[in-house]
Amino acid sequence: MTLSIGSRTGPRAAGPPGSPVPRRRSRTLLTRWDITFSPYLFISPYFLLFFLFGLFPMGYTVWVALHDWELLGAHEFVGLENFRLVLTDPQFWNSVRNTLGMFVIATVPQLLAALVLASALNQRMRGRTLVRMGVLVPMITSIAAVAIVFGQLFSRDFGLVNWVLGWFGVDHLDWTARRWTSWLAVSVMVDWRWTGYNALIYLAAMQSIPRDLYEAAAIDGASRARQFWTITLPLLRPTIIFTAIVSTIGGFQLFTEPLLFGNGDMAGGSLRQFQTVTMYMFENAFRRFDYGYASAVSWMLFMLILLGSLLNFLWLRRMGGGAK
């Protein structure tokens, strides 16, 4: 009996489920998912924390501002009544005036001094690294220690500032009693603490400017001052805008310096002469326990910061455009 086995002439049979082709497809799909979704996964912790500690508190503050929200008792819905009361409150506008005054007195000299200091630190000198590190000492110093030291400097009877002014025949000043003197004293504290920080930001921006520009200007006979006005300042415009906006945000939120300058008095003096908006908000929240009204004040402060930052940005941008 003879058996004959014929050869297969049809298509090749498909392999088992674990064949290389489906594996390659699954790996390609995983790679696509990794490229598409992994960046969002990496940055998701930031947005999660921002939602928990940023957006949610802001939204909840709006809800509280729409209520007569006392610490104890019922929470009665009052709509926009708290915002109406804030806009017609003389104490609120007094705090806005104080905040704007101290912001202008502190920020303008601070940024100008930071520019001059950064330009000096950008020059060749001995111990340059040590000096650059030294300008950060005021920023890392405890604000409580700063307030104690400056409180002694501006003391009415035995303060160093009054002693120096006495050389020129000026009578002793009670720096906490008047509006302008208290503004000036608080502004000096702010400038001493933050000028070095802004100077290092300007210094980093100056070091990124190509040296070829200065060499070409020197060959053309431009002086150091001319180089600073025609090369350094125009190229520093984005950095100046950044520091101006950050200083605006910090200036409108001024709280610790005037609070410690007044020895913890949330009212900012007997006549509220140096009470800021933030101090007024804390006074309503934690002294009067009127959280609805304090929430409305916080949102008004938020709108003031937005308006001030926008005006700073537009003004500096217009100045930079006009200089071209």
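**View 1. Helices α6 and α8 are oblique to each other.** The category follows because angles under 35 degrees count as roughly parallel, over 145 as roughly antiparallel, 65 to 115 as roughly perpendicular and the rest as oblique. In this predicted model, local features need pLDDT of at least 70 and side-chain atom pairs pLDDT 80 or more, while totals for chains, interfaces and linings use all residues. Residues are numbered from 1 along each chain as its sequence is written, and side-chain values use heavy atoms, without hydrogens and water. The axes of α6 (residues 143–153) and α8 (residues 179–207) cross at roughly 135° and come within 11 Å; axes are lines fitted to C-alpha atoms over the stretch in contact, with angles from 0 to 180 degrees between N-to-C directions. Ile143, Val146, Ala147 and Phe150 of α6 make the contact with Val188, Met189, Trp192 and Arg193 of α8 (heavy atoms within 4.5 Å). These residues comprise 7 nonpolar, no polar and 1 charged.

**View 2. Helix α9 is roughly antiparallel to α10.** The angle between α9 (residues 211–219) and α10 (residues 224–235) is about 160°, and their axes lie 10 Å apart. On the α9 side, Leu213, Tyr214, Ala217 and Ala218 meet Gln227, Ile231, Thr232 and Leu235 of α10. The residues of this contact divide into 6 nonpolar, 2 polar and no charged.

**View 3. Helix α3 covers residues 90–121.** At 1.5 Å a residue, its 32 residues should span 46 Å, which agrees with end C-alpha atoms 46 Å apart; the expected span is 1.5 Å times one less than the number of residues. At the start of α3, a side-chain oxygen of Asp89 comes to within 3.1 Å of the backbone nitrogen of Gln91.

How values were computed:
Helix = DSSP H or I, 4+ residues; strand = E, 2+ residues; numbered from the N terminus. Polar contact = N/O pair within 3.5 Å; in protein donor to acceptor, adjacent residues only side chain to side chain. Nonpolar A, V, L, I, M, F, W, Y, C, P; charged D, E, K, R; others polar.
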